[in-house]
Amino acid sequence: MAEVDLSVGNILKLNTKVQLQKDDLYTFLKREFPDIPVEDRLKYLSAVLNDFFEEYTFESDDEFSADGYIIKRFYPKGLDHVDNE
């Protein structure tokens, strides 16, 4: 299993890729890393938000459950988002 890479360069690269698409951050990470456990995806999510929180928007009630976790959806700012559920 691949090791989680939380280096500054990798988190910057992930954030840049997220900004170029319309899905929420977790959905992007699930597509980008389909074979890693949810806990590792959440590590990436928290690292991106820790460094780039001001570049994301969220609604307090926009969340979903995955593998026993309640996950809030964070969208890149400036994009129109449609509820895909």
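Asp-24 counts as buried, because its relative accessibility is 5% (buried is under 20% relative accessible area, exposed over 50%, partly exposed in between, with a 1.4 Å probe and protein chains only). The model is predicted: local features need pLDDT of at least 70, side-chain atom pairs count only at pLDDT 80 or more, and totals for chains, interfaces and linings use all residues. Residues are numbered from 1 along each chain as its sequence is written, and side-chain values use heavy atoms, with hydrogens and water left out.

Asp-24 sits in the loop between α1 and α2. Helices (H or I, at least four residues) and strands (E, at least two) are DSSP runs, numbered from the N terminus. The side chain of Asp-24 reaches the backbone nitrogen of Tyr-26 at 3.2 Å. Leaving out residues up to four places away in sequence, Asp-24 touches Arg-73, Phe-74 and Tyr-75 (contact means heavy atoms within 4.5 Å).

Tyr-26 also belongs to the contact of α2 with α3. Helix α2 spans residues 25-32 and helix α3 residues 38-52. They pack at about 130 degrees, with axes 10 Å apart. Axes are lines fitted to C-alpha atoms, for helices over the stretch in contact, and angles run from 0 to 180 degrees between N-to-C directions. The two helices are therefore oblique to each other (under 35 degrees is roughly parallel, over 145 roughly antiparallel, 65 to 115 roughly perpendicular and the rest oblique). On the α2 side, the contact is made by Leu-25, Tyr-26, Leu-29 and Lys-30. Among the α3 residues are Val-38, Arg-41 and Leu-42. By class, this contact has nine nonpolar, no polar and two charged residues (Ala, Val, Leu, Ile, Met, Phe, Trp, Tyr, Cys and Pro are nonpolar, Asp, Glu, Lys and Arg charged, and the others, Gly among them, polar).

Helix α1, residues 8-19, packs on α3 at about 85 degrees, with axes 10 Å apart. That makes α1 roughly perpendicular to α3. Asn-10, Ile-11, Leu-12, Leu-14 and Asn-15 of α1 meet Tyr-44, Ala-47, Val-48, Asp-51 and Phe-52 of α3. Seven of these contact residues are nonpolar, two polar and one charged.

Lys-72 lies in strand β3, residues 69-72. Lys-72 counts as partly exposed, because its relative accessibility is 22%. Lys-72 and Tyr-26 are 46 residues apart in sequence and 8.4 Å apart in space, C-alpha to C-alpha. The side chain of Lys-72 makes a polar contact of 3.1 Å with that of Glu-63. A polar atom of the Lys-72 side chain lies 2.5 Å from the backbone oxygen of Ser-60. A polar contact is a pair of N or O atoms within 3.5 Å; within protein, one must be able to donate a hydrogen and the other to accept it, and residues adjacent in sequence count only if both atoms are side-chain atoms.
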